[in-house]
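Let's learn to read a structure together, one feature at a time. Have the picture open while we talk.

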Amino acid sequence: MRRLAALLALLLLAAPAAAQTSDVASDLPAAVAEEQITVSSDYRGSYVTVFGVNPDRRGRGDIVVVVRGPSESATVMRKRRVLGLWMNGDPVQFSEAPTFFAVLSNRPLRQIASPQSIWRYQLDPAASAQLDSAVPQGGDPSAYRAALVRLRRQQGLYQEYSGRAAPDQRGGLTLYQGGLFRAVVRLPANAPIAQYYADTYLFRDGRLISAQRIPISISRVGVERRIHDLATNYSFLYGILTVLLALAAGWVAAFLFRRT
Amino acid sequence: MIYLPIAEMPVNVLLVLLVSGGVGFMSGMVGVGGGFIMTPSLMFLGVPPPVAVATGASQIAATSFSGIMAQTRRKSVDWRMGMLLSIGGVLGSVSGVWLFERLLHFGQLDLIVSLLYLILLASVGFLMVREAYHVWRGRAVKGVSILRRPVKTMAHTLPLRMRFPRSGLYISVIPPLALGFGIGGLAAIMGIGGGFILIPAMIYLLRMPTNVVIGTSLFQVLIITSLIVVLQSTATQTVDLVLAALLMLGGVVGAQMGARLGAGLKSEHLRAVLGALLLIASAKFLWDLVIPPTEPYVLRGLW
């Protein structure tokens with residue numbers, strides 16, 4: 001019964017992103033160290049640590065951990081020269097593109113999973129981006145997809161690591177004795193504040209054996225939360241408040257200026 | 001470091017205070033608003049352009065309000081003219097915010113903003129350097145002759161004329177409305193107050209006496225920037241209260257120190273230096289628009 005409930009929960013949670021994992025087992029014990037990440041005025045990014053145990057007694061198989069942010073539409077444009085000036089043109093829209101995507105594995109992903117599995121289980125950011133609008137004439141859809149990944153990678157929003165973390169890297173996956181594994185990835189401060197998921201996959205001989213999904217919630221607290229709520233829910237009041245603050249600052253300045 | 005709730009990024013408090021203080025210092029010394037330096041500086045610090053433009057407006061509102069307090073004591077605000085300019089400005093900034101949102105939608109906002117800054121910084125920088133050069137050479141600037149106001153401009157011949165006792169004018173209401181409209185639109189798109197365009201336009205086009213020009217333009221700038229803050233927070237939700245507070249603090253303190261220090265220095269030297277800085281900044285904008293980009297693709301997602 002508990003097993004069924006867990007499976008049902010997994011099905012519901014897994015809905016869009018990792019849709020096709022429902023046909024595999026979910027007996028991969030895994031957890032995250034930070035289920036709640038709070039954003040206050042001193043927030044400068046965070047680390048996400050995923051650990052778990054390979055259920056195979058002899059430790060066979062490969063571990064892949066994917067930390068995903070929510071998917072949103074994104075537009076990629078190519079610069080064109082018009083009258084000697086470079087302007088944005090030829091827009092291509094992606095209906096779904098992950099706002100954060102980190103994939104960690106114990107050895108290079110291409111050696112673990114076939115290109116078909118990578119595509120099917122959306123194990124790399126390019127596979128997770130859904131092209132929406134037609135690509136303009138002469139444009140190459142894969143070039144746009146690659147540009148999206150390249151630009152987000154530069155912003156630190158897409159990250160890929162294989163093996164244990166090197167000292168100069170911001171993430172990595174380490175295998176320990178007894179099938180224990182630990183994956184660490186740096187969540188930069190510019191990553192959106194939203195609901196994240198850490199998905200753990202066990203591959204053996206290129207086939208997906210087991211998968212597990214754990215939610216990670218990132219939320220604002222304290223003043224950050226109050227300001228953001230005010231700005232989104234009572235935006236008119238928020239605008240008035242900002243103007244009043246400006247007037248007060250100006251009045252104080254004028255007052256001090258006259259005195260001295 | 002402090003995390004900005006709307007821009008969703010951490011910034012170095014000291015750095016923001018230093019930049020806003022520096023801009024305030026310069027504007028206090030030379031006597032220009034400084035919005036047209038503040039907004040590009042914020043973008044340079046990595047603040048997303050929509051947030052920089054919308055939040056910069058609140059800082060301009062603060063400095064212009066403190067300016068008005070000083071000007072009203074000297075009775076140098078033409079309220080009737082100010083109201084008329086503001087009516088035009090309100091319509092202009094509403095259209096400006098609409099255009100801003102459209103340009104953002106079509107992905108051309110950065111191009112238009114860069115182009116407008118290029119034109120504006122280059123022309124203002126050129127005028128400042130030229131003026132300083134003329135003063136240095138001991139020649140009077142031509143603009144002085146407008147103080148005798150026998151010349152009739154378009155403002156005097158168009159219909160719908162109205163009396164402005166404080167300025168001693170009897171002119172058509174159309175030029176002030178149109179002028180206010182244009183400034184309001186530019187202010188909404190570029191995150192500037194527009195005083196440095198408005199003041200010469202009031203002197204040369206409307207033939208207003210110079211003693212009421214500054215106070216009246218400050219009044220219009222205050223109305224427009226306050227409106228833009230409210231409009232942007234409801235339409236695009238890009239006003240960052242924490243960033244705004246930092247900018248106001250730095251800008252206000254900087255402007256006071258600048259004004260006090262500037263009194264002891266020769267203004268033509270300051271103008272020459274600022275003018276040269278503006279020319280360099282405009283060259284940078286031109287360079288970025290003309291040279292082939294290293295990354296041919298641009299991404300528009302979160303902003």
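Predicted model: local features only at pLDDT ≥ 70, side-chain atom pairs only at ≥ 80, totals over all residues.

Q: Okay, which residues is A:Ser46 in contact with, leaving aside its neighbours within four places in sequence?

A: A:Ser46 touches A:Ile37, A:Val185, A:Arg186 and A:Leu187, once those neighbours are set aside. You'll find A:Ser46 in strand 3 (residues 46-53) of chain A. Helices (H or I, at least four residues) and strands (E, at least two) are DSSP runs, numbered from the N terminus.

Q: Is A:Ser46 buried or exposed?

A: The labels go by relative accessible area: buried is under 20%, exposed is over 50%, and partly exposed is in between (1.4 Å probe, protein chains only). A:Ser46 has 13%, so it is buried.

Q: How do I read chain A as a whole?

A: Begin with the inventory: chain A has seven helices and 13 strands. Of its 260 residues, 46% are buried. Then look at contacts between residues at least 6 apart in sequence: in chain A, 66% of them join residues at least 24 apart. The accessible surface of chain A is about 13200 Å², with 55% belonging to carbon and sulfur atoms. Areas like this come from the Shrake-Rupley method with a 1.4 Å probe; for residues, only the protein chains shown count as cover.

Q: How much area do chain A and chain B bury between them?

A: The size of an interface is often given as the accessible area lost when the parts come together. Buried area is that loss for two parts, summed over both (1.4 Å probe). Here chain A and chain B bury about 4800 Å², 67% of it on carbon and sulfur atoms. Chain A brings 60 residues to the contact and chain B brings 52 residues.

Q: How many salt bridges are there between chain A and chain B?

A: Look for a side-chain nitrogen of Lys or Arg within 4 Å of a carboxyl oxygen of Asp or Glu; that's a salt bridge. Between chain A and chain B the count is one. It joins the side chains of A:Arg220 and B:Glu8, at 2.3 Å from N to O. On the chain A side, the elements giving two or more residues to this contact are strand 5 (71-82), strand 6 (85-98), helix 5 (141-154), helix 6 (222-233) and helix 7. Helix 7 gives the most, with 19 residues.

Q: What else can I read about B:Glu8?

A: B:Glu8 sits in the loop between strand 1 (2-4) and strand 2 (9-11) of chain B. Its relative accessible area is 23%, so B:Glu8 is partly exposed. Check its backbone too: B:Glu8 has a positive phi of about 55°, although it is not a glycine.

Q: Where is A:Gln122, and what is its phi?

A: A:Gln122 lies in the loop between helix 3 (115-120) and helix 4 (125-128) of chain A. A:Gln122 has a positive phi of about 50° and isn't a glycine. Its relative accessibility is 16%, so A:Gln122 counts as buried.

Q: Which residues make the nonpolar surface patch?

A: Patches use residues with over 30% relative accessible area and no salt bridge; like charges are joined within 9 Å, and nonpolar side chains (Val, Leu, Ile, Met, Phe, Trp, Tyr) within 5 Å. This one is made by A:Trp251, A:Val252, A:Phe255 and A:Leu256, and covers about 360 Å². A:Trp251 belongs to helix 7 (residues 235-259) of chain A. With 44% relative accessibility, A:Trp251 counts as partly exposed.

Q: How far apart are B:Asp240 and B:Pro5, in sequence and in space?

A: Compare the two distances: B:Asp240 and B:Pro5 are 235 residues apart in sequence and 6.8 Å apart in space, C-alpha to C-alpha. B:Asp240 is in the loop between helix 9 (210-235) and helix 10 (241-262) of chain B, and at 0% relative accessibility it counts as buried.

Notes:
Residues numbered from 1 in each chain as written. Chains lettered and ligands numbered in written order. Heavy atoms only, no water. Contact = heavy atoms within 4.5 Å.
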